[in-house]
Amino acid sequence: MKITLCLSALLACWSCAALPSASAQSVATQSQSLILNDQAPIYQVKPQKALDLSDEVTLEAWVQADEMTREGGRILDKSVPGTNDGYLLDTFPGNSLRFITSNGAVSYDAKLPADTWTHVVAVYSASRKIQKLYINGREVAGTTVGDFPPLRVTFVPLGLGGDPDGKNRFQGRVRRAAVYGRALSASEIARRAANPQALPGVLGEWALTSAAGINIQPLAGVLILGNGKENVTFVNESSAPKTLLNLWYRRPAQKWEEALPIGNGRLGAMVFGGVAQEHLQLNEDTFWTGSPYDPNNPSALKLLPEARRLIFEDKSDEAYHVAEKMLSHPIGQMSYQTVGDLRLNFPEQSRVSNYRRSLDLDTAIATTTYEANGVRYTREMFSSAVDGVIALRLSADKPGQVSFSASFDSPQKNTRRIENGDTIASEGTPADHSGIKSVLRFNCRARVLPQGGKLVAQEDTLSLSGADSAVVLVDIATNFKNYHDTSGDPVALTSARLGKAAPKSFAAMRAAHVADYQKLFHRVSLDLGTSTAALLPTDERLRAVATSQDPQLAALFFQFGRYLLLSSSRPGGEPANLQGIWNNSVSPPWDSKYTININTEMNYWPSETTNLSETTEPLFRMISEIAQTGQKTAQVHYGARGWVAHHNTDLWRATGPIDLPASGMWPTGGAWLCTDLWEHYQFTGDRKFLARAYPIMKGASLFFVDTLVKHPKYGWLVTVPSVSPEQGGVVAGPTMDMSILRDLFDQTAKASAILGVDADFRAQILEKRAGLAPFQIGKYGQLQEWLEDKDDPKNDHRHVSHLYAVFPSNQINASTPALFAAAKRSLLFRGDAGTGWSKAWKINFWARFLDGDHAHKMLTEALVNNTYPNMFDAHPPFQIDGNFGAASGIAEMLLQSQNGELNLLPALPSAWPDGSVRGLKARGGFELGIAWHGGKLTNATIRSTWGTSARVRYGEKTTELKFKVGQSRTLDSSL
Ligand code: FUC
């Protein structure tokens, strides 16, 4: 069957489609693209099974076609030349777009615009009977009728810019291309067109640059799929590491989501552990696009009364349009960036035995080890918070066996050179972003320190041969000093740190790193029992957990969350962003920034309960900074005092409303973050901290003193315009806002009383608090998400904002039984599905509803459906919040302290009958150890650091205990 569809009717639309203009974007991307023409090398991906797709395939590319005087050429082609076997996307005839498969052809009979970047996508699904073409996120041609047989698979290379014979060459440029083993949905394609966020099911994705900094090197004219499938036979499978707190694997990482993260808060790497190549994808936490900028929109204020009026008149569509004009300029924020990739290429090995790569959470060291030709090779690496550098040691158990060539590449515009014969140095800058100039430069240095052997420098590569061992030290710095100062000297910073570290022995650096890390990590231990599953490699355990009992995997996941927090958030650095500090992209999902309508808050949920209080310092510094920048937003957008932050912020501490009114027009992001300041005080009792935090809380409160409006219909004080995060349009007084403000006013008032200041202001905010819209129970017995009773019991939206009052707050609990029941009903309506972070939130909710089995079900679902092989949380794509949310949820299952009492094992699931935990923290300055057997408490040890009294609860039993400072008391199950 042959289908040819010429949708010339759509032609007219194309010219008005939202193509990027000959704009800044085009100019910026010229250097980050590959020129394709008859003279270009032949770019091919070797034939491999993964690409022999018969049921579903998606081809995607960003291309800029030349004004073609001839018939056109292939963009991506994996078909047998001269036949229709396979799949191919091309511009034939006459610059039109065409997608041919063994099912037939679909074409879009219009000219690809010359000299304009265009996103093109072809989708085939035999099972779903579709064959479609998309341009710039819009479907332009397709068919859904016919037989849709499985594609005839072809073991030929995949050609980029030409066919597998190297002919039919495309004329123009390509900057990114991808192949997926599934059919992307229309909304995924639209999203990719706007912002290429990683999607699941990608088999290969190539960011292509012609000059320096190619992401995937054209090796002898051949593009390697993904990170390079290795031509190695693995024999004698390795056994598990000796200790349980390891993530470990029997094969190198093929994808980024299989690589293992190391980090010291500031400097991160993803370690692939290949045999032919060690690949460290590198990050530094201040390397972002942009420069200090003012996003505030001076026309917002005059539109505010109209937006309010329309909302109060229930004209939500009109209000939405007005709100669109109140957004910031630019409408997005800046983006966290990858620095680049350090690659160590090793001599070819065709057969290796006993291969294992692992990440030991007990030492924060990643290790790769294997044997080849009678030699055992070992690589150990860590990112040291003590020395401020990444250290990697390569060794062999026979002398003279360590050889490699080291090189650095980056998708950023960069320069590279060799310094002193032993250091690869690179400087790079990201592209400008949304019209904001990028001024940050990285300096990345990798110094090779061999023991024996010969080190030779050639252009920008260092080659070491015949060494006994070698240490590679890596450091990165930027000129970022703080959100308004970019006068730093990255070269001086890396010189100083590397200069200090280089003379040290690897053993000494390792010991200092382990000691520093363990001082924090060892504060909490968790034993949930083990099973034979614990001996399997981590990826296999994750695949098996749906059907097997593997309680130790939950303990590993808990400790991995703590590991990630320690590795991505240390005093002096930046807070953990959407990906912690690990990002391999120049355009990461949601810019890998700080989304403060749930994600950033969730990142820090385990910080106090799991005894890592120090990790909050970067967050609190960020809050104090947005309390500065947010003053201008308060003035310009609302004519108000105090400060405000909406649903996102970035390195430059932008606080205005961004993206869309449905998400951005939400003024309570800063207020929510303030509740973390109060929580810190609850756990630490640090009065000096409270004195520093109070002005920030006061400023946040002041903003709402000025902007709360009396609802004309209900008479309650409400935020307006606002949203219930990310759904329901612009409204007044969503339940989440009211709950956050009850906390903010309450906590600010308490802080002012403790500090003995601002009695009048305290009275004022308590009065405002009393006037806020109350919780309401709706017609389904649910807790209403909005002022009106309009919840849809079938709404399974990932945000469960109205239940903020259950967790992380505590306004609704067993002592408010009607609301508690209504909130539970709302959670049941939302269901158990959700993105990674949404499931993680639900673990915490169910723990607060004291339902351990349901909490455990959510945890299992998160592990089964929302966890990558490297245990990173899958939204999807990767977002680290789900890791932190799950660690918090596990802690909440074992201990809760939000009700003025220490509740022991409040939500212990039946899947964890025996176990113990040591070192969890509780509000009021307590540290607890708890042990249980047969699902029942055996004993608990409670240590007080403040010397106060505590009510302790186990089920229905309670007891009051008095403590002296530093005193420990042990209780049995009778309390
Ligand atoms: C919020 C969520 C999305 C995502 C993004 C980073 O906007 O609704 O699911 O997590 O943040």
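Visitor: How many salt bridges does the count come to?
Guide: You're looking at a predicted model, where local features need pLDDT of at least 70, side-chain atom pairs count only at pLDDT 80 or more, and totals for chains, interfaces and linings use all residues. Residues are numbered from 1 along each chain as its sequence is written, and side-chain values use heavy atoms, leaving out hydrogens and water. A salt bridge here is a side-chain nitrogen of Lys or Arg within 4 Å of a carboxyl oxygen of Asp or Glu. By this rule the count comes to 47.

Visitor: How many residues apart in sequence are the parts that Arg251 and Glu237 tie together?
Guide: The side chains of Arg251 and Glu237 meet in a salt bridge, 2.8 Å from N to O. Arg251 sits in the loop between strands S16 (246-249) and S17 (260-263), and Glu237 in the loop between strand S15 (233-235) and S16, so the parts tied together are apart in sequence by 14 residues. Helices (H or I, at least four residues) and strands (E, at least two) are DSSP runs, numbered from the N terminus. So, for this pair, the separation is 14 residues.

Visitor: Where does helix H15 bend?
Guide: A bend is the angle between axes fitted to the seven residues ending at a residue and the seven starting there. For H15 that angle is about 35°, and a proline, Pro695, follows within four residues. The bend is at Ala693.

Visitor: Which residue caps the N-terminal end of H15?
Guide: A polar contact is a pair of N or O atoms within 3.5 Å; within protein, one must be able to donate a hydrogen and the other to accept it, and residues adjacent in sequence count only if both atoms are side-chain atoms. At this helix end, a side-chain oxygen lies 3.2 Å from the backbone nitrogen of Lys688. That oxygen belongs to the capping residue, Asp686.

Visitor: What is the distance from a ligand oxygen to the side chain of Glu726?
Guide: Asn599 has a side-chain N or O atom 3.1 Å from an oxygen of the ligand. His799 puts a polar side-chain atom 2.6 Å from a ligand oxygen. For Glu726, the distance from a side-chain N or O atom to a ligand oxygen is 2.3 Å.

Visitor: What is omega for the cis peptide bond between Pro876 and Pro877?
Guide: Most peptide bonds are trans. Pro877 is in the loop between helices H20 (852-865) and H21 (881-894). The cis bond joining Pro876 and Pro877 has an omega of about 0°.
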